[in-house]
Amino acid sequence: MSSSVDREQEVPDGRDEDAVGRFVERFASELAEAGMQRMAARVFAALLVSETGSMTSAELASALRISPAAVSGAVRYLAQVNMVGREREPGSRRDRYVLHNELWYETFTNRDRILTRWEQVMKDGVASAGGPDTAAGARMAETAAFFAFLHGELSQLMDRWREHRTTLDLPPIPPR
């Protein structure tokens with residue numbers, strides 16, 4: 001990653017752009033290993049390490065040394081999974097890609113909604129597989145029960161996180 005990250009943004013003293021580049025590639029590699037598209041992982045990591053949590057397509061392309069088309073595909077994926085948003089720069093036709101406030105909370109809350117949908121699909125599928133007394137139906141019923149369990153646990157975990165966050169020395173969450 002080149003030193004053009006946050007070119008239009010003020011770079012804090014002590015920021016080591018070579019270390020930032022290594023972080024972006026390392027974290028992107030971890031995200032890709034976990035199943036995220038590689039280019040989307042790089043774009044996400046670059047946004048995460050940017051001082052404002054937002055960059056234009058041109059800034060991302062320059063920082064990551066990738067084509068505008070690669071940026072477009074990556075941000076499309078990230079927007080689809082609710083990890084970034086798009087904002088128009090005032091007085092400009094350029095879009096900025098922005099990390100959501102409470103990024104991880106929102107990401108996991110979105111997964112919670114997905115779990116609910118998957119649970120329902122599995123429940124609906126049990127009958128099509130011949131009912132819960134068939135091997136396939138039993139697997140699907142167990143999968144539905146697992147998704148229901150995760151849904152309940154994730155909701156409680158997110159509530160505990162919100163409570164725990166208030167005990168940490170973190171900046172307040174900016175309004176939307």
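This is a predicted model: local features need pLDDT of at least 70, side-chain atom pairs count only at pLDDT 80 or more; totals for chains, interfaces and linings use all residues.
**Overall build**

- Starting at the N terminus, the elements follow the order α-α-β-α-α-β-β-α-α.
- The radius of gyration is 20 Å, whereas a compact globule of 176 residues would come near 16 Å.
- The C-alpha trace spans about 65 × 40 × 35 Å along the principal axes.
- Among contacts between residues at least 6 apart in sequence, 55% join residues at least 24 apart.

**Surface and interior**

- Buried residues make up 38% of the 176 in the protein.

**The largest pocket**

- Its volume is about 330 Å³.
- The lining has 13 residues, and those closest to the centre are Asn101, Glu102, Leu103, Arg165 and Ile173.
- Helices α5 (103-128) and α6 (135-165) each supply at least two lining residues, with α5 giving the most, three residues.
- By class, this lining holds nine nonpolar, two polar and two charged residues.

**The second largest pocket**

- This pocket has a volume of about 270 Å³.
- Residues along its lining include Leu31, Met36, Tyr77, Trp104, Phe108 and Arg111.
- Helix α5 provides the largest share here too, with four residues.
- Eight nonpolar, two polar and one charged residues make up this lining.

Methods. Residues are numbered from 1 along each chain as its sequence is written. Side-chain values use heavy atoms; hydrogens and water are left out. On a 1 Å grid over the protein atoms alone, a cavity is a set of points where a 1.4 Å probe fits but cannot get out, and a pocket is an open set with protein on both sides within 12 Å along at least five of seven lines; lining residues have an atom within 4 Å of a point. Grid points are joined across faces, edges and corners, and a volume is the space filled by probe spheres set on the points. Ala, Val, Leu, Ile, Met, Phe, Trp, Tyr, Cys and Pro count as nonpolar, Asp, Glu, Lys and Arg as charged, and the others, Gly among them, as polar. The radius of gyration is taken over C-alpha atoms; the globule rule is 2.2 Å times the number of residues to the power 0.38. Buried means under 20% relative accessible area, exposed over 50%, partly exposed in between (1.4 Å probe, protein chains only). Contact means heavy atoms within 4.5 Å.
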